[in-house]
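Hello,

Here is the structure I promised to pass on. Please open it alongside this note, and my findings follow below.

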Amino acid sequence: MEKFIIILLGSIFFSEFAFAQTDRWQQRAEYEMEIDMDVETNQFTGTQTINYTNNSPDTLDMIFYHLFYNAFQPGSMMDEKSKNISDPDKRVGDRISKLSESEIGYQRVKSLQMNGKDCKYYTEGTILEVKLPTPIMPGKTVKLAMTFEAQVPIQIRRTGRDNKEGIRYSMTQWFPKLCEYDYQGWHAHPYVGREFYGVWGDFDVKISIDKKYLVGASGELQNAKKIGMGYTDKQGGKMSLKKKRTWHFIAENVHDFAWAADPEYTHLTEEAEGVTFHYMFQKNQNTEENWMKLHHAMATALPFINENFGEYPYPVYYILQGGDGGMEYAMCTLITGERSFESLVGVSIHELMHSWYQMVLGTNEALYPWMDEGFTTYASSQVMNYLRQQGVLEGEASRDPMYNNVRSFAGYTQSGMEEPLSTHSDHYTTNTAYGAGSYTKGSVFLQQLEYIMGKKNFKKGMIRYYNEWKFKHPNPNDFIRIMEKTSGLELDWFKEYFINTTHTVDYAVEKVEDVDGKASITLKKVGMMPMPIDVLIVKENGKEELYHIPLRMMRGEKPNEGFYDAYKVSKDWPWTHTNYTLDIDIPMAKIKGIVIDPTSRLVDVNYENNVFPRLEP
Ligand SMILES: [Zn+2]
């Protein structure tokens with residue numbers, strides 16, 4: 001009997017949790033690092049041990065590490081890419097080519113062993129290729145022990161020393177980091193400018209640095225009392241420069257670890273929703289007033305975010321002045337700090353939202369940057385709008401916070417610069433196409449889905465996506481399957497058109513005629529991309545009726561969203577058919593106007609042909 005119960009429980013467990021995602025095993029990397037920083041030479045030495053578990057079904061005889069700092073050397077791939085692209089990032093330009101020996105960045109591996117045996121390794125730019133002494137078999141854990149030394153580059157992009165606001169150390173992409181191995185194989189992408197992908201694990205990091213410095217980092221500080229400061233105030237400069245303090249942080253279940261340090265930091269801590277927020281910034285006339293108000297915005301936003309996008313799973317979040325704009329890391333962000341209040345809140349909310357899409361869901365940002373930046377952009381626009389509703393930010397809240405993104409993307413599609421979202425993030429022809437694609441089109445992707453599925457189902461789907469795929473590196477198909485299951489609609493066509501092509505949406509009211517005393521409306525699909533459409537009929541007496549026309553290949557339609565009193569679902573529109581006849585039970589003379597997409601949500605590239613009678617230009 002007992003055995004039977006165990007078998008039964010076992011089979012329930014497997015059917016609930018494991019069956020759906022048998023290819024989504026995750027490698028695991030438990031890091032321990034000890035770092036010794038010299039603030040006079042800007043160099044540090046480090047020891048690193050990683051307990052690496054191969055949960056894949058494959059035998060691994062090689063492994064790879066990222067050595068991001070090596071990008072900041074003249075002649076590096078990042079340098080060449082920046083010099084050759086037609087629209088370089090102004091922060092990079094040709095600056096890397098001009099770095100001197102003491103200004104470059106480097107990470108040099110001094111020794112590397114697996115289970116006590118030496119590995120053969122070669123540095124190829126920003127990637128360390130490692131030939132293992134014995135293969136790692138499926139299901140086995142090995143201990144990788146490394147010693148390394150590094151020089152922090154002058155800050156060019158994201159990481160580095162002495163940023164333009166005078167923060168001494170923005171320590172991101174700073175340690176030799178294991179590349180991810182997943183169901184698509186190794187992801188040993190050279191660092192040329194775009195973003196990151198990593199292996200989940202726990203980080204236990206000890207940083208020894210000049211006693212004058214305050215440190216903020218991914219994770220929770222373990223020894224606040226022991227280092228003698230209660231971690232609320234900066235220490236004076238009585239001790240000699242050589243004297244160091246060791247900061248011990250632990251971050252659990254993250255795929256990256258970042259930190260920042262400065263002798264002039266002011267440090268504030270506040271709680272919200274059980275999360276401790278840390279704010280570290282240099283207090284001056286450009287920062288003080290806005291940074292002191294920042295927590296009110298974060299504390300107002302977090303419950304809204306948890307409710308609409310899923311629960312924040314970590315105990316802390318650090319907002320650190322540093323870097324070169326805003327960049328997301330595990331449990332922290334580095335942002336430039338001398339900003340207006342609106343801009344400071346905007347960047348903080350955007351980077352916090354990355355905790356959902358980059359840190360917890362962890363989509364591969366080289367392959368699907370739009371699933372990170374685009375989803376983050378969509379979510380931040382909702383959160384910023386909520387903060388306007390709550391009066392935390394000035395200005396009117398909007399009925400549709402995505403309206404501007406949809407219109408600006410519709411305009412951009414006519415520029416001839418667009419490349420499909422399926423492009424690898426490093427391989428877009430221009431930075432403009434990467435940005436407009438990943439951020440704007442990625443956010444419009446969600447907005448269009450919200451329109452196709454209806455608001456309620458969309459919100460349910462976003463939370464379900466987060467809960468079912470967290471810590472599993474979902475891909476575009478995984479996402480769209482969640483939305484299909486939540487809405488009961490077929491949505492593969494939408495993903496394929498929107499991600500793999502640059503086809504655009506354009507629908508028109510072609511003509512309206514009277515047939516046997518009733519209006520017959522001919523609609524036309526002008527653009528290559530099919531979409532379900534809403535058509536509003538405004539009658540002479542001012543009454544309105546909304547007709548929803550689903551695509552036949554959706555195999556269903558969204559529920560009534562309740563925007564208009566009268567709502568009718570019309571017959572399906574097969575995507576092969578250019579024209580569609582909408583027959584309605586009203587004489588033509590009683591119709592005052594007809595509008596395709598009256599809620600202005602559809603990414604229709606030409607609105608002029610959406611209305612009847614046509615407006616005079
Ligand atoms: Zn972002």
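Along the chain, the donors of the zinc ion follow the spacing H-x3-H-x18-E; donors here are N, O and S atoms within 2.8 Å of the metal (3.2 Å for Na, K and Ca), and as water is not among the atoms, sites may look incomplete. The protein donors are H350 (NE2), H354 (NE2) and E373 (OE), lying 2.0 to 2.1 Å from the zinc ion. H354 in helix 4 and E373 in helix 5 are 19 residues apart, a pair that links distant parts of the chain. Helices (H or I, at least four residues) and strands (E, at least two) are DSSP runs, numbered from the N terminus. H354 counts as buried because its relative accessibility is 0%, and E373 counts as buried at 1% (buried is under 20% relative accessible area, exposed over 50%, partly exposed in between, with a 1.4 Å probe and protein chains only).

Before you go further, note that this is a predicted model: local features need pLDDT of at least 70 and side-chain atom pairs count only at pLDDT 80 or more, while totals for chains, interfaces and linings use all residues. Residues are numbered from 1 along each chain as its sequence is written, and side-chain values use heavy atoms, with hydrogens and water left out.

Now the pockets. A pocket is an open set of points on a 1 Å grid over the protein atoms alone, where a 1.4 Å probe fits, with protein on both sides within 12 Å along at least five of seven lines; lining residues have an atom within 4 Å of a point. The largest pocket holds about 520 Å³ of space (the volume filled by probe spheres set on the points, which are joined across faces, edges and corners). Its lining has 27 residues, with D89, R91, R157, R158 and R194 nearest the centre. Helix 7 gives the most to this lining, four residues. By class, the lining of the largest pocket has eight nonpolar, seven polar and 12 charged residues (Ala, Val, Leu, Ile, Met, Phe, Trp, Tyr, Cys and Pro are nonpolar, Asp, Glu, Lys and Arg charged, and the others, Gly among them, polar).

The second largest pocket has about 350 Å³ of space. Of its 17 lining residues, F304, N308, Y378, Q382 and K455 lie nearest the centre. Helix 3 (288-309), helix 5 (369-389) and helix 8 (455-469) each supply at least two residues of that lining.

Best wishes
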